[in-house]
Amino acid sequence: MAEHGAIDTNTSNDKPADEMLSDWIQCICVVTFDLEFGQAMELVYPNNVKLNEEDKTNLCYLAFPDSNSGCMGDTQFHVKIKCSQPSNLRQCHINYNAKCPVFLQADHRSLYGFVFFRQIKDLSLPRGYFQKSVIILSQLPFISLFTEVCGTIAPEYFKHGITGIEVAWHDIKQWPDLYAGETVSLPLLGIVLQAQLICDNNKICSSSNSMVPDYQLPVVVSSLYELNTFGCFSSIVSQMHLLWELVLTTEPIVVMASSPTYSSQVVQALVSLIVPLAYYGDYRPYFTIHDNEFKEYMSKTLHPPPIILGVTNPYFTKTLQHWPHIVRVTDTSKKDTTNKSKLRKGSNLKILDAKPGVYTEYKPYLYKDKSIVKKLLKGMQTKRPEEVQSALLRRHFLELTQSFMIPLERYMSSLMPLQRNVSPFKAAPKPWPFNPDNFLASLEYAGPQLTCGIKGDWKGLYKQFFRSPNFNGWYNVRYKGMMMKLQVLQIEALSSVDINNWLEGKQEVEIVDMILKIRQKLDDCESKGYQLNKRIKDQLKVKMDDIICSLPDDLKNVLSNKKPSSR
């Protein structure tokens with residue numbers, strides 16, 4: 001391992017870049033405190049992974065707690081940064097995204113960092129402390145899984161140096177391909193982590209891509225992304241329905257907590273409140289004054305953007321007073337859960353010194369479900385396990401979100417053109433436009449009241465939702481999915497049509513254009529991770545061969561050499 005304070009971003013691995021890549025993890029970083037440079041990147045492994053300098057700087061500042069005087073020993077948390085120069089997703093991630101739930105998709109615009117920070121007294125060092133962080137970087141939001149991975153790798157690094165990371169990376173390279181719907185076994189430094197990659201319809205395949213030795217029991221990661229939800233919100237449990245509305249409509253929220261561990265967990269739990277809907281605003285589980293966008297978010301002349309910030313620095317108590325929604329939470333380990341009522345935000349309020357609560361002027365559209373609140377509060381009195389409390393909380397808001405989304409999904413499906421209107425030789429039809437007024441009118445007979453007993457102004461909540469990034473994101477994904485389905489229906493229609501009848505009387509330019517369009521449609525399906533039925537592809541290949549045979553020899557040769565891509 002490099003000496004404390006040394007800056008060494010080169011390692012001994014010199015294998016080709018493609019052999020060192022992992023579908024799961026982008027790289028492993030080590031950040032140290034250097035007397036001359038401050039927090040600095042000591043190591044990036046593998047060394048052929050190139051991080052932008054701006055991203056490196058951002059990661060270095062996020063790698064250490066804002067105020068680490070109370071963070072002796074080991075501290076784990078996670079961060080999220082916007083890539084300064086986003087790159088395209090690899091094909092393995094595109095294929096995975098096509099099958100997995102939207103909220104678990106790989107994101108080319110962001111990096112998730114899983115941090116293991118160690119601070120111990122060491123009088124042999126100039127500052128009297130050893131301070132260093134190990135960071136796992138990935139484009140995948142597998143919060144629970146990668147927190148476990150980082151907690152396994154970091155101690156080995158602190159014990160054995162770079163060798164610990166090299167051995168861990170060798171194991172990571174043995175992990176199976178990303179495939180939604182599989183139960184996977186992931187060997188890592190003498191243990192085996194077992195996790196389920198859920199698919200879009202929430203059906204889990206029982207097969208596994210890798211075997212666990214009979215003598216070795218796996219460490220089961222019960223969820224890729226779920227945390228101790230109830231532990232995050234136990235001090236404000238009576239205000240959970242208010243928070244659900246704020247997250248659903250992407251209102252700007254700042255979470256003030258005492259540590260980066262608790263801050264990152266609460267922000268992540270907030271984002272997960274609206275599962276299976278993906279959160280399309282920005283969110284930073286741990287945010288510091290060194291962030292590039294710090295000045296923008298502190299501006300009192302601009303309205304805060306749709307983002308959830310997690311902060312711990314007391315400096316934010318003054319600079320974020322103008323934000324419309326401030327959540328003050330108390331770590332459950334401190335057992336300070338006596339006050340659960342909503343508190344109004346005051347102009348001179350010291351939020352970090354205030355009681356836990358949601359400080360806002362927002363008036364909810366829906367009434368809270370008092371039964372679930374009473375059940376959770378009773379569970380606290382009877383010492384019900386937090387795992388059970390979390391399961392109750394997640395199930396309630398999952399069903400509430402589904403009740404909210406089912407009318408939208410039903411209406412969106414009604415905008416799909418009928419299959420009989422899909423012609424093999426004309427441009428594929430487009431879905432009908434989304435009309436908010438028509439949707440709101442449909443709520444009278446097909447609204448959330450069919451699946452949910454909560455009363456309130458549902459129409460007002462939908463109108464607020466329509467103005468949010470969450471609606472735009474959901475609509476764009478659904479629209480693209482419908483367009484792809486229409487393209488596939490057209491390809492299926494082409495595969496079964498009598499192509500010889502169509503060829504009669506056609507000019508060469510029309511015939512060549514048809515061949516190029518078919519190939520383009522096939523390539524689009526492949527590149528977007530949509531696997532066409534093999535029978536359909538075989539039939540289309542025969543059709544294209546028949547079309548090419550009808551052309552002059554010079555065009556035959558040209559088109560025969562331009563084979564459609566196959567993967």
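Rings of Phe, Tyr and Trp (for Trp, the six-membered ring) pair up if their centres lie within 6.5 Å; planes under 30 degrees apart count as stacked, over 60 as edge-to-face, and the rest as tilted. With that in hand, here's a cluster to look for: Trp 244, Phe 404, Tyr 411, Phe 434, Phe 439, Tyr 462, Phe 465, Phe 466, Phe 471, Trp 474, Tyr 475 and Tyr 479 form one aromatic cluster. Keep in mind that this is a predicted model, where local features need pLDDT of at least 70, side-chain atom pairs count only at pLDDT 80 or more, and totals for chains, interfaces and linings use all residues. Residues are numbered from 1 along each chain as its sequence is written, and side-chain values use heavy atoms, with hydrogens and water left out.

**The whole chain**

- The chain has 19 helices and 13 strands; these are DSSP runs numbered from the N terminus, with helices (H or I) of at least four residues and strands (E) of at least two.
- Of its 567 residues, 53% count as buried. Buried means under 20% relative accessible area, exposed means over 50%, and partly exposed is in between (1.4 Å probe, protein chains only).
- Take the contacts (heavy atoms within 4.5 Å) between residues at least 6 apart in sequence: 74% of them join residues at least 24 apart.
- The chain exposes about 27,000 Å², and carbon and sulfur atoms supply 51% of that. Accessible areas come from the Shrake-Rupley method with a 1.4 Å probe; for residues, only the protein chains shown count as cover.

**Aromatic pairs**

- A search of the whole structure turns up 35 aromatic pairs.
- One of them is Phe 103 with Tyr 225: the ring centres are 5.1 Å apart and the planes sit at 75 degrees, so this pair is edge-to-face.
- That pair links distant parts of the chain, 122 residues apart: Phe 103 is in the loop between helix H3 (91-99) and strand E4 (110-121), while Tyr 225 is in the loop between strand E8 (219-220) and helix H6 (229-233).
- Phe 103 counts as buried because its relative accessibility is 17%, and Tyr 225 counts as buried because its value is 13%.
- Then there's Tyr 411 with Phe 434, whose centres are 5.0 Å apart with planes at 80 degrees, so they are edge-to-face.
- Here too the pair links distant parts of the chain, 23 residues apart: Tyr 411 is in helix H12 and Phe 434 is in the loop between H12 and helix H13 (436-446).
- Tyr 411 is buried at 12% relative accessibility, and Phe 434 is buried at 13%.

**A charge and an exposed Trp**

- The charged end of Lys 80 sits over the ring of Tyr 283, 4.5 Å from its centre. To count, NZ of Lys or CZ of Arg must be within 6 Å of the ring centre and within 35 degrees of the ring normal.
- Trp 432 is in the loop between H12 and H13, and counts as exposed because its relative accessibility is 57%.

**Inside the helices**

- Ser 390 is in helix H12 (residues 386-414) and is buried, at a relative accessible area of 2%.
- Leaving out residues up to four places away in sequence, Ser 390 touches Asn 228, Thr 229, Phe 230 and Gly 231.
- A polar atom of the Ser 390 side chain lies 3.3 Å from the backbone nitrogen of Thr 229.
- Which residues of helix H5 (residues 162-172) are buried? They are Gly 164, Ile 165, Ala 168, Trp 169, Asp 171 and Ile 172.

- Most residues other than glycine have a negative phi, and most peptide bonds are trans.
- A cis peptide bond joins Tyr 45 and Pro 46, with omega about -5 degrees; Pro 46 is in the loop between strand E2 (38-45) and helix H2 (53-62).
- The bond from Val 275 to Pro 276 is also cis, with omega near 15 degrees.
- Leu 189 isn't a glycine, yet has a positive phi of about 50 degrees; Leu 189 is partly exposed, at 22%.
- Lys 383 has a positive phi near 60 degrees and counts as exposed because its relative accessibility is 72%.

How values were computed:
Polar contact = N/O pair within 3.5 Å; in protein donor to acceptor, adjacent residues only side chain to side chain.
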